[in-house]
Amino acid sequence: MSEERLKVALVGASGYGGGELLRLLLNHPKVEVSIAVSRRLAGEYVFRTHPNLRSRTNLRFSPMELDNIMNETDLVFFSTPHGVSKDLVPKVLESGIKVIDLSADFRLRNPEDYPRWYGWEHPCPDVLKKAVYGIPELHREEIQDANLVACPGCLALSGILELVPIAKAGIIEKEKIIVDSKIGSSGSGESPSPSTHHPERSGVVRPYMPAGHRHTAEIEQELNLFGGEGHKVGLSAHAVDIVRGILSTAHVFPLEPIEMKSLWKVYRGAYRDEPFVRLVRDQKGVYRLADPKVVVGSNFCDISFEVDSHLNRVILCSAIDNLVKGAAGSAVQSMNIIHGWEETLGLELMGFHPV
Ligand SMILES: NC(=O)c1ccc[n+]([C@@H]2O[C@H](COP(=O)([O-])OP(=O)(O)OC[C@H]3O[C@@H](n4cnc5c(N)ncnc54)[C@H](OP(=O)(O)O)[C@@H]3O)[C@@H](O)[C@H]2O)c1
């Protein structure tokens with residue numbers, strides 16, 4: 001007798017995060033995608049919007065009908081713009097259905113951070129309190145029992161995974177942490193804008209948010225949690241001419257001069273058993289350090305580090321695919337953890353090369 005599959009719904013299925021969730025979930029041995037919501041495209045075949053899924057599914061987009069979703073499914077993924085899920089998630093949770101949210105609506109622990117970073121008061125701080133921040137490498141045990149997982153922002157995830165081990169070790173200046181991130185065009189979603197129009201976006205290396213990026217709040221939140229209060233992060237974001245991928249280069253300043261072998265000890269200790277974090281430092285070849293080109297299509301986060309004794313500085317680099325480890329991949333990893341399945345299920349993907 002075949003095992004019954006978990007029925008899942010996706011809200012925001014027509015977007016880039018939604019498309020990537022579909023790619024992963026249609027291949028997942030324990031899941032059936034029963035509803036893929038698009039308000040604009042209800043009734044249309046999913047593969048017309050996500051042509052990589054042609055012949056893999058005959059699913060059509062469904063309209064946004066929350067009652068139908070709650071009757072038909074066991075788990076709902078929200079892959080909607082910020083500000084949408086906060087009004088819908090409480091109702092879904094009340095019906096006993098679990099939620100994995102890819103947006104920012106439940107990421108910040110302190111409700112008072114929402115007016116500051118997002119410009120609105122959080123409407124349900126009681127629900128916010130119960131949300132678990134969805135970085136499996138750091139919150140695995142809480143995710144196991146979570147009803148609501150708030151997946152991290154993509155720049156935040158790349159910064160957090162490279163910085164938490166060294167912050168936790170307590171060996172760097174807390175108040176001067178610089179994260180310089182480069183991101184591809186899919187990071188801004190499927191809706192076009194003047195700055196994402198091809199003639200304007202093609203060929204760019206464009207600083208679009210040198211200071212004040214919202215993901216700063218998430219990075220500080222996690223560094224304060226694991227390394228004690230008082231971390232100050234300066235995140236600068238740049239748009240670069242790739243479709244997928246993030247490279248975040250962090251600059252931190254050790255309290256005492258540090259050697260590479262001590263860093264290896266810290267990072268091996270943190271990630272030795274992690275299936276999706278690779279420490280990269282090769283002596284030969286083109287790809288000696290973390291490089292987004294290598295992780296595109298996969299759920300890996302590659303991390304490299306270097307000591308600059310000239311400036312008493314440690315440089316950390318982390319590379320992810322913003323749509324996989326930075327979004328849908330981490331969401332599926334959390335789903336696997338919640339259900340007690342092998343954490344790598346449906347995620348055993350290697351990157352493409354060349355791409
Ligand atoms: N792109 C990334 O690299 C990335 C990485 C990590 C996290 N995220 C986060 O994931 C979420 C989705 O990002 P994305 O890049 O996939 O965005 P996107 O491509 O713009 O897709 C969002 C989808 O949400 C739907 N939607 C919009 N307003 C809605 C509403 N009021 N109710 C229901 N559905 C609504 C839209 O579909 P219809 O109009 O067809 O209904 C749209 O296709 C965002 O919160 C984003 O910040 C994105």
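To start with a single side chain: is Glu-259 buried, partly exposed or exposed? Glu-259 is partly exposed, at a relative accessible area of 49%. The classes here are buried for under 20% relative accessible area, exposed for over 50%, and partly exposed in between, with a 1.4 Å probe and protein chains only. Glu-259 pairs with Lys-261 in a salt bridge, 3.7 Å from N to O. The rule for a salt bridge is a side-chain nitrogen of Lys or Arg within 4 Å of a carboxyl oxygen of Asp or Glu. Lys-261 is exposed, with a relative accessible area of 63%.

Some ground rules before going on. This is a predicted model, in which local features need pLDDT of at least 70 and side-chain atom pairs count only at pLDDT 80 or more, while totals for chains, interfaces and linings use all residues. Residues are numbered from 1 along each chain as its sequence is written, and side-chain values use heavy atoms, with hydrogens and water left out.

Now the domains. The protein chain divides into domain 1, residues 6-130, and domain 2, residues 154-322; the bounds come from an automatic or database domain assignment. Their C-alpha centres are 27 Å apart. Domain 1 puts 12 residues into the contact and domain 2 puts in 13, where contact means heavy atoms within 4.5 Å. Between them the two domains bury about 1,100 Å², with 51% of it on carbon and sulfur atoms. Buried area here is the accessible area, with a 1.4 Å probe, that two parts lose on being put together, summed over both. On the domain 1 side, Tyr-16, Arg-107 and Trp-117 supply 51% of the area buried against domain 2, more than any other three residues.

What about charge at that interface? The rule finds 3 salt bridges across it. Arg-107 also forms a salt bridge with Glu-218, with the closest N and O atoms 3.0 Å apart. Two helices, α1 (16-25) and α5 (113-118), each supply at least two residues to the side of domain 1 that touches domain 2. Helix α1 gives the most, with 3 residues. Helices (H or I, at least four residues) and strands (E, at least two) are DSSP runs, numbered from the N terminus.

Staying with α1: 8 of its 10 residues are buried. The cover over those buried residues includes β1 (6-11), β2 (31-37), α2 (46-49), β3 and α13. Glu-20 is buried at 2%, whereas Arg-23 is partly exposed at 22%. Both belong to a network of salt bridges that links Glu-20, Arg-23, Arg-244 and Asp-321.

Phe-77, in strand β3 (residues 75-78), is buried with a relative accessible area of 0%. Leaving aside neighbours within four places in sequence, the contacts of Phe-77 include Leu-21, Leu-25, Ala-331 and Met-335.

Next, Asn-322, in the loop between β13 (313-320) and α13 (324-338). Asn-322 counts as buried, at 3% relative accessibility. Its side chain reaches the backbone nitrogen of Gly-245 at 2.7 Å. Among the residues that Asn-322 touches, not counting those up to four places away in sequence, are Cys-154, Ile-183 and Arg-244.

The salt bridge count comes to 16 by this rule. One more of them joins Arg-140 and Glu-274, at 2.7 Å from N to O. Arg-140 lies in helix α7 (residues 136-144) and Glu-274 in the loop between α11 (260-271) and β11 (277-279), so the pair ties together parts that are 134 residues apart in sequence. Arg-140 is partly exposed at 25%, and Glu-274 is buried at 12%.

Last, the backbone. Most residues other than glycine have a negative phi, and most peptide bonds are trans. Ser-55, not a glycine, has a positive phi of about 75°; Ser-55 lies in the loop between α2 and α3 (66-72) and is exposed, at 73%. Asn-312 also has a positive phi, about 45°, and is partly exposed at 28%. The peptide bond from His-353 to Pro-354 is cis, with omega near -5°. Pro-354 is in the segment after α13.

Key:
Polar contact = N/O pair within 3.5 Å; in protein donor to acceptor, adjacent residues only side chain to side chain.
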